[in-house]
Amino acid sequence: MSDLNVTPSPMRRVSAVAMLGVLGILLLRVALGPEALGAGWVAMLLVFAAAVFWVSWRLWEATACRLVLTEEELVEEGLDGARGRVLCRLDDIAGVERGTFAFKPSNGFMIRLKTPASRVWAPGLWWRFGKRVGVGGVTPAGQGKAMADVIAARIGTGARID
C-alpha cells in the first residue's frame with residue numbers, strides 16, 4: 001500500500017502568511033504612528049508585532065512540508081522527500097476525532113494518544129500537546145478526512161463524529 005499524505009494548500013499557505021504579515025504591519029503602524037501613545041503601549045505593540053512576524057515565519061517554514069501516513073507512523077516529510085519529525089506511531093493511537101465539535105484544527109482532525117508525548121507546534125500544519133495531536137490548518141479538508149478515516153480503520157475503531 002502506498003503512503004497517504006496531507007499536503008498544505010499553496011493558496012491557503014500564502015494567504016495565511018499574508019494575513020499575519022498585514023496584522024504585523026498594522027501593529028507597527030499603530031505603534032509608530034503619529035498618535036501620542038504612552039511608552040508602555042508602544043513597547044507592547046512592538047512586542048506583539050514581533051511575535052506576529054515570528055509566527056508568520058514559523059508558519060511559512062512549517063507548511064513547507066507534508067504529513068505522511070506510513071504503515072507504522074505519521075511523520076513529517078519535506079517536499080524533497082526527506083523525513084522529519086514523527087508525530088505519532090500508529091500503535092500509540094487510542095482514537096481519532098474529526099467531528100464538528102471536536103477540538104481540532106481547521107480542515108483537520110484530532111488524534112488521541114495512549115501515552116503523553118512532548119509538546120510541539122508546527123503552525124498551520126499540526127500540533128501535539130500531551131495525549132492530543134491536532135492535524136490540519138492550511139490543509140485541504142478532503143485529504144484530512146481521508147487520512148482520519150484510514151487511521152481509524154487501521155487502529156480498528158471508527159472515527160468519532162460529533
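This note goes through the sheet, the helices and a few single residues of a predicted model.

1. Ground rules. The model is predicted: local features need pLDDT of at least 70, side-chain atom pairs count only at pLDDT 80 or more, and totals for chains, interfaces and linings use all residues. Residues are numbered from 1 along each chain as its sequence is written, and side-chain values use heavy atoms, with hydrogens and water left out.

2. The sheet. Four strands form an open sheet in the order β1-β2-β3-β4, with antiparallel pairing. Strands here are DSSP runs of E, at least two residues; helices are runs of H or I, at least four residues; both are numbered from the N terminus. Two strands pair if DSSP finds at least two bridges between them. The edges are β1 (4–6) and β4 (83–89), each pairing on one side only. On average, neighbouring strands of this sheet are turned by 25 degrees against each other, direction ignored. Axes are lines fitted to C-alpha atoms, for helices over the stretch in contact; angles run from 0 to 180 degrees between N-to-C directions.

3. Helix on sheet. α3 packs on the sheet and touches β1, β2 (65–69) and β3. Contact means heavy atoms within 4.5 Å. The direction of α3 makes about 140 degrees with that of β1.

4. Pairing around β3. Five bridges join β2 to β3, and the two run antiparallel. A hairpin of three residues links β2 to β3. Leucine 69 stands opposite leucine 74 in β3. On the β4 side, four bridges join β3 (residues 73–78) to β4, again antiparallel. There, glutamate 77 stands opposite arginine 83 in β4, and glutamate 73 stands opposite arginine 89 in β4.

5. Burial of β3. β3 is mostly covered: six of its six residues are buried. Buried means under 20% relative accessible area, exposed over 50%, partly exposed in between, with a 1.4 Å probe and protein chains only. Glu73, Val75 and Glu77 point one way from the strand. Leu74, Glu76 and Gly78 point the other way, and all are buried.

6. Helix α1. Buried residues in α1 are Arg13, Ala16, Val17, Gly21, Gly24, Leu27 and Ala31. What covers them includes α2.

7. Threonine 63. This residue sits in the loop between α2 and β2. Threonine 63 counts as buried because its relative accessibility is 2%. Its side chain reaches the backbone oxygen of tryptophan 60 at 3.4 Å. A polar contact is a pair of N or O atoms within 3.5 Å; within protein, one must be able to donate a hydrogen and the other to accept it, and residues adjacent in sequence count only if both atoms are side-chain atoms. Not counting residues up to four places away in sequence, threonine 63 touches Pro8, Arg13, Pro123, Gly124 and Val138.

8. Glycine 40 lies in α2 (residues 39–62). Glycine 40 is exposed because its relative accessible area is 54%. Glycine 40 and serine 106 are 66 residues apart in sequence and 35 Å apart, C-alpha to C-alpha. Valine 150 lies in α3 (residues 141–155). At 23% relative accessible area, valine 150 is partly exposed. Its C-alpha atom is 18 Å from that of arginine 132, 18 residues apart along the chain.
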